[in-house]
Each structure stands twice: as C-alpha cells, then as structure tokens.
Amino acid sequence: MFLAWKEMRRAKARFGLLIAAVGLLVFLILFQQSLQNGLLTSFTGALRNQSAEVLVYRTDGRRILQASVISPDLTEMVGRDPSVAAVGRITQGTFTVTPLALGADAEPVETSVIGFELPDLGGPRFLTAGRVPENTEEAVASDADAAGGFAVGDVVRIEPGGKQLTIVGLARDAQLNVAPTLFVTYDTYRAALASRNPDAGAPLPNALGIRPAPGVTAGQAVAAINALSPELDALTRDDAAEQAPGVAQVRQSFRVIFLLYGFVVPLVTGLFFLIITFQKAPALTLLRAIGAPASRLVASLLIQVAIVLGGGLVAGVGLYAALARGRIGGVPLRFETTAVIVWVVLLSVGGLISALFSARRVLAIDPYSATTGAGVGR
Amino acid sequence: MNEQDGLTGDGFTEHAPAQGWGPALIMEKARKVYPMADSEVVALDDADIVVEADEMVALVGPSGSGKTTLCSIAGGILSPTSGRVVVGGVDISTFGPKQLTRVRRELVGFVFQSVNLVPFLTARENLLVVDELGRRTGAPARRRADQLLEELGLADRAKNLPGQLSGGQRQRVAIGRALMNDPELVLFDEPTSALDTKLGMAVMELIRDEMKSRGIAAIVVTHDERITQFCDRSVHMEDGRVL
C-alpha cells in the first residue's frame, strides 16, 4: 500500500486521467446499454407487455403486426384447436393524433393504436396508473408518452375525423414502432377507423391473442397452432417481441459495440500499467535489489489497478446515474441496475486479467540488473 | 530455522551479530560460472575473501575482473555456483531466491554505481521504504530515518524528491538507505563514478566516517586507485580471481 499510494499521490494527473478515461468508457457502455434497451422497448414494448401469452400472425405478414391480416376462417381454425382456451382479436394501425393537452397549436403525431377484443388477450399487461378503457371514448397510453400529452385525463383527437379519446390509464413500456401508442377496445378502434374514413369496413384482426387451454403451456400451444396451417405463425409473447423484424439486427449491432468496449477497458488499463511498469523498471529493479519481495511489488501494482478500476467504475456509474434519465429522440432511458452489476463484474475481472501482463513483467525483474546500472533509477 | 526461508523465524536474532565478534563476510572458494552454448564463462574463480566486522575493503580491478560478481554474491543478489559464503554469521551459499531476498533486506546495505533512488519517493521515504519492505516497525523506523538524514546533513531535504536533489545529496540519501536496516555489510559499487572528483572525495570521506562510526563492514568496488586511501586495505581482482 505504501508504494502504491505514494506513487499515485506523486502522479495524480497521470492516474487521474486514467480513472477519467475508464469512467468515461464505463459510462458509454452503460449509456448505450440503456439506449439499446430503450430502443427495443420503444420498438416492441407493446408486444412484450401486452396480456396474451401467445400471439398468432399470418405467415405472410412477416411478424409485422400491421402487415399481418388474419382471415375469419383462420380465426375459426385456431379457436377450434384443443390447445386453445380462448382467442382474442387484435388489430393495429397508425393514426395521426393531436394531443390536445399540449394546447391549441399542438402538433399532430403519428400514433400506434392497438385495438383488443378481450383485455386479457391483447390489452396492456402492466398499468402504472389508471385503468383499462371501458368504452369507445377511452384509451390507455404508454407511460413513456405521458409527458407528450398522453397523461391520464388528457384528451387526444384522431385526425382527420376528430374522434376524441380520453386517456384513462398508463401502461408500462408499451410503445410500438418508437411512436406514442394507445390501447383501445376493438369497438373503439373500429370507430377511430370510421372517423378517419367513413367508408372503411369492419377491420380484420392483424393478430390473435391466445389463452392456452388448462395444462397446455405457451410453447405447446405455439407448436399446436403452427401445425394447423402453414399460413399461421404463432409465437410466445417474448418471441413475438424478440423476433420482430429489426430487433435481432439492433441487438447484433449493439453486441458488436459492447464487445469492442468490453475489450477496450481492459486493454486501456492493461496497456497503461504495462507502460508504467516499463517506465519504472529501474525503480522496481532497485527495490528488488534492496530486498523487496516480488510478491510485494505485484501486490502494489494490483492495488493501483484496483484503485483505478474502482475509481473509474464509480465515476462511470455515477455519471450514468445522473444522465441516464429522460429521453433521446423519443427513446426512454433509465438506470439499469442489472446492467451495472454485470458490467462492473466483467470490467473488473477483465481489468485485473489485463494487469497480469504487467505483473508478469514485475516478476521477471532480475535484481542483478541493479549492479549493471541498466535497471537503476537516477 | 524457518522452513520457508531457511532463516531464523525472528529475523536472525538467534544468530549472534557479526559486529564485534567475527567477520562480516567470509567467502571461500566462491565460484560463479555462466554456461554458454558450448562452453562456460567463469565470472568468479574460487575467490577467497574475509571482511572483518568493522573493516572497509576497496575491491580494485579492471572492467570484467569479477568485482561486481563478487559483490553481488556477497550481497545475496547472485548465488555462487560453488563455494561457501557467510554474511553476518549466516551461511547463504545454498539459499534460494526468497531467502536471498530476505538476506538483502535484513543483512546487507547497497549503494549502486548510479545514483539510485526511487524517483516517486521523497528522501525520507526512500529510507522508510526499507522498513516498509521488511519489519514495518513504524515509529522507530521514522525516528531512525530522521536521525540518519540529520547525520547526513539532509534534514532540510527530507521532503524533497530525488529530482530536486543534487548528485551528492542523492548519493547521501542512498547511503542513508543502505544504513536503514542496520546491516552487517554495506556494498558500494563505484559510489563516486557519477560525481566529480571533489564531490567524489567528499562522499568517500562521508562513507568512511559513517562506516567507522557505526562499526559496519564495507566493500567499495572501484576503478579509481584514489578511492583506496579511504579504505583499510585493498583487494585486487583480475580475470575473476582475487589476487
């Protein structure tokens, strides 16, 4: 501790800059982790956080809710399967909506509207405020949009047509396609559609929400439904969210970024201490010559690594805690404790492993070099 | 004997100190051979030398004569290939690396050829590091460091880093560090080579005064015959042999 601490005290700027660099990298990792999760939640949160355990698309809809159209015969076929206890029709469309709570000059926004036939088969799963809609004048919004004129009690107007809906509840993380999202009853959806286009007929469902029969798991129901017809594409709730178009690509892109960062932090730490070890080789040689055990010098090095990593992690997590709130371009961000724990452990282990190269250099120091002058500091 | 390092468990207290009763260094038929591809280089050839407890010996000889090898073996930096080496009453001939590290820490003091201090430690800390690496006595070590710096005329430089000290001051700090562990033997390897003549002579006077006042044995390796006047006797070396 004596050597480690004295050296750090005498080189505050050098070690301080490294701690800042590690802290910045940790912040970037955590911030991008939040960005990824926020982005995916905005994309598919409404699927992951709707109430049906199983969703059934039409195959040619390519797992895009709006592109899938389920015909009545397919609906009937699914409803007759013994693995299915109940079927709820789900429909979805994009509407231009003006959030009137923002004032007379409020800009209309493109809004995903999801209509559900049964609240427990396609309605919002987790309400953070209010209740589910009970008539054709009400809607539940995603809580991420509350500040944008979609809070409980706010009124929104569907354009054109002017049908107004009152927000009566907020659903947790329930956006679709990175847009404000409303959950309404099937009848409300039909009314909204008619308001926009009086000639529009009754909408066909875009998907079916399934409740498996008693004793049937969601996976078994998926397999049974998919066996009914090649036109049916059943997925569990989580799979419907994960396998939505673009999700895998987003995850893959971020995975590459995280992998790079995961290497950069240990690399920066390892290289820094390797350079420092080379630079102070004369002093280390002298210390070995006057009787310093190699293990003591390695311990001193590891203490410095731990202080740098610890300082960097605290700084990075602190910055993340301060800034990972609010929204970026409509994507909600939040502090994610699990991500913090995982990354702190990974980076600590990686940093310590990278420091082993420096430790090896220290262990290789020959005290005899002190007598030749090659390793003796001035 | 301590099984781990071959030394007594409490740091040599079971050994009678060499000072005042016997030689600080006994080297008998000490030999150091470095194997090469198809031959071997004899760096030290059956060297015999005895340095009494308060004796100051100048080790003189041309480059490559084996002076540094002899000193390194005497100080526990190198192990002899064969022969017997006794430092402060402890036979270190067969000691392994860990045991030799302890010998260097507790029995021997070093002042190397170049000015040799840890650059990120102050003058006082360069002395205290000896205690930190070993017994960690705390307050007694701090008192000893302050006393040594006082005696070496460096009390007002205690908080200076090596880079803020002159060459002579740095060498005096190195001498203080070599004395910090109350050694049986101090090894000076060309202690004046980095100093001008006048400063070199002053440093040698200081070394002689410090060694004699404490009754500590010393070996001074040098090319410079003028240095020998500060020592009790001179030992000449050539081609790895003590003449």
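In this predicted model, 22 residues of chain A are in contact with 26 residues of chain B. Which elements of chain A give two or more residues to the side that touches chain B? They are α1 (2-10), α8 (281-289) and α11 (369-372). Sort that side of chain A by class, and you find 13 nonpolar, 4 polar and 5 charged residues.

Take α8(A) next. Is this helix mostly covered or mostly open? It is mostly covered, with 8 of its 9 residues buried. The buried residues run through Pro282(A), Ala283(A), Leu284(A), Thr285(A), Leu286(A), Leu287(A), Arg288(A) and Ala289(A). What do they pack against? In chain A, the partners are α9 (294-323), α10 (337-363) and α11. In chain B, they are α2 (97-106) and β6 (108-111). So the buried residues of α8(A) pack against elements of both chains. After α8(A) comes Gly291(A), and its phi is positive, near 110°.

Now look at the cores. In soluble globular proteins, nonpolar side chains tend to be buried together. Here the largest nonpolar core has 105 residues. Those with the most contacts inside this core are Leu59(B), Ala74(B), Val87(B), Leu185(B), Ile219(B) and Val220(B).

Pick out Leu59(B) and set aside its neighbours within four places in sequence. Which residues is Leu59(B) then in contact with? Among them are Lys67(B), Leu70(B) and Cys71(B). Ile219(B), Val220(B) and Val221(B) are also in contact with Leu59(B), as are Val235(B) and Met237(B).

A second core of 62 residues is separate. Its members include Ala141(A), Phe150(A), Leu182(A) and Tyr189(A).

Definitions and conventions:
Residues are numbered from 1 along each chain as its sequence is written. Chains are lettered from A and ligands numbered from 1 in the order in which they are written. This is a predicted model: local features need pLDDT of at least 70, side-chain atom pairs count only at pLDDT 80 or more; totals for chains, interfaces and linings use all residues. Two residues are in contact if their C-beta atoms, placed from the backbone, lie within 7 Å. Helices (H or I, at least four residues) and strands (E, at least two) are DSSP runs, numbered from the N terminus. Ala, Val, Leu, Ile, Met, Phe, Trp, Tyr, Cys and Pro count as nonpolar, Asp, Glu, Lys and Arg as charged, and the others, Gly among them, as polar. A nonpolar core is a set of buried Ala, Val, Leu, Ile, Met, Phe, Trp, Tyr and Cys residues joined through C-beta atoms within 7 Å. A residue is buried if 20 or more other C-beta atoms lie within 10 Å of its own, exposed if 12 or fewer, and partly exposed in between; C-beta atoms are placed from the backbone.
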